[in-house]
Amino acid sequence: MKLIGFIKKLEEINSLSKHEQLVLGVIEAIDSGHLKMGDQMPSINTMVEEVGFARKTIVKAYEELKDRGLVVSKKTKGYFIVSNKTKVFLKIALLMYSFQRFQQEFYNSLRNEIGDRVQIDVFFHHNNEEVFETIFSNIHGKYGMYVVAPIESSRTKALLRTLSPERLLIVDRFLDLSSDYTYVTQEFEESTYKTLVQLLPKIKNYRKLKLYFRNDMDYPIGILNSYQKFLKDYNIQGEVHRNYKDGDIEKGTLFLFIGDADLWSLLKACKVSNYSLGQDIGVLSFNDHVVKEIILGGITTISTDFKQMASLTANNLKNLTYTKSIVPTTLIDRDSL
């Protein structure tokens, strides 16, 4: 049976709209093996002539098939079948920085909440603009929704603005595209400053502070800005280092870590030197997880609830809502400070 035959047969079901007839007709043709991956779909003009539906109805149906990841459009060539996973309701591209522990928590929570009928393909740009551009070019037009942890740059903004606001959800880091775009993100500068002020009585127990910050990593610039403002406003002696080195450990110092690799190096040196956390030295880390809760009596952290971020993201995707959310940042005070 030709594709048109599958669509015509569904006309017998009065409860189906014309748009639904088209979508379900294609799905039945795929499930029965009459349409295979690589097969070309009839053009929109051909469908108008043979089925007799309005052009906008056919375009809408083809767009839904693209959203489900079943069909892709190739410029000047037409529409082609690219998947036989017809049970998938929506195909999502998730573009993240890297698979760090807290981002893994976000993905796992999102995957659990979004449901089985949604396919999520994960990509990592590692805060590299060229990698981001290559990935984006490869996935553009092949997904129903794009969930993106963006890089703060004019190139990234230009690329993301080629997606309609209905197809893009910004997560993790805020990027100002326009008021039309949806986001579920953290806030770094104001929240970090307020937390440091909250910790001021404990911070004054240390001679100086050391923040480890790398411009070539995905470290939020808002953390550096708030740290420098705090030092100035409260006349605190502090330094900024690119990465932890052997010999950096010294009594009376409070260490602030964004990256966990530097934190583990410091904790190893602390153990070797027989230094006590919260007494000889202090440690404050960003992005909480279970290891920081239990290691050496617990590490004090400044952290966003990534499970909450995933829940808000899933809610937007499942209900096709466009809610803009800033996930609160929380101080988890333990014995390392």
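**Close-up views of a predicted model**

**View 1. Strand β5 and its partners.** Three bridges link β5 to strand β6 (residues 168–172), and the two run parallel. Two strands count as paired here if DSSP finds at least two bridges between them. Helices (H or I, at least four residues) and strands (E, at least two) are DSSP runs, numbered from the N terminus. Look for V147, whose bridge partner in β6 is L169. Between β5 and β6 the chain passes through helix α7 (residues 154–160), and this β-α-β crossover is right-handed. That handedness means that, with the strands pointing away from the viewer, the path from the first strand over the helix to the second runs clockwise. Strand β3 (residues 90–96) also runs parallel to β5, joined to it by four bridges. Two of the residue pairs to pick out are L94 with V147 of β5 and L95 with V148 of β5.

A quick note on the numbers: this is a predicted model, where local features need pLDDT of at least 70 and side-chain atom pairs count only at pLDDT 80 or more, while totals for chains, interfaces and linings use all residues. Residues are numbered from 1 along each chain as its sequence is written, and side-chain values use heavy atoms, with hydrogens and water left out.

**View 2. Both faces of β5, and the sheet around it.** Strand β5 (residues 145–148) is covered on both faces: M145 and V147 are buried on one side, Y146 and V148 on the other. Buried means under 20% relative accessible area, exposed over 50%, and partly exposed in between (1.4 Å probe, protein chains only). Zoom out and you get an open sheet of six strands with parallel pairing, in the order β4-β3-β5-β6-β7-β13. Its edge strands, β4 (118–124) and β13 (325–326), each pair on one side only.

**View 3. The largest nonpolar core.** A nonpolar core is a set of buried Ala, Val, Leu, Ile, Met, Phe, Trp, Tyr and Cys residues joined through side-chain atoms within 4.5 Å. The largest one has 25 residues, and those with the most contacts inside it include F230, L254 and L256. At least two residues each come from α8 (189–198), α9 (200–203), β8, α10, β10 and β11 (282–286). The biggest giver is α10, with five residues. Centre on L254 and, leaving aside neighbours within four places in sequence, its contacts (heavy atoms within 4.5 Å) include I203, Y206, L209, V283 and L337.

**View 4. Salt bridges.** The count comes to 19 salt bridges, each being a side-chain nitrogen of Lys or Arg within 4 Å of a carboxyl oxygen of Asp or Glu. In one of them, D216 meets R242, with the closest N and O atoms 2.7 Å apart. D216 sits in the loop between β8 (208–212) and α10 (221–233) and R242 in the loop between β9 (238–241) and β10 (253–257), so the pair ties together parts that are 26 residues apart in sequence. D216 is partly exposed at 42% relative accessibility, and R242 is partly exposed at 45%. Elsewhere, shared partners join R207, K208, K210, E239 and E250 into one salt-bridge network.

**View 5. Buried or exposed partners?** D172 and R173 form a salt bridge (3.8 Å, N to O). D172 is buried at 4% relative accessible area, and R173 is buried at 13%. K157 and E152 also form a salt bridge (3.8 Å, N to O), but here E152 is exposed at 57%.
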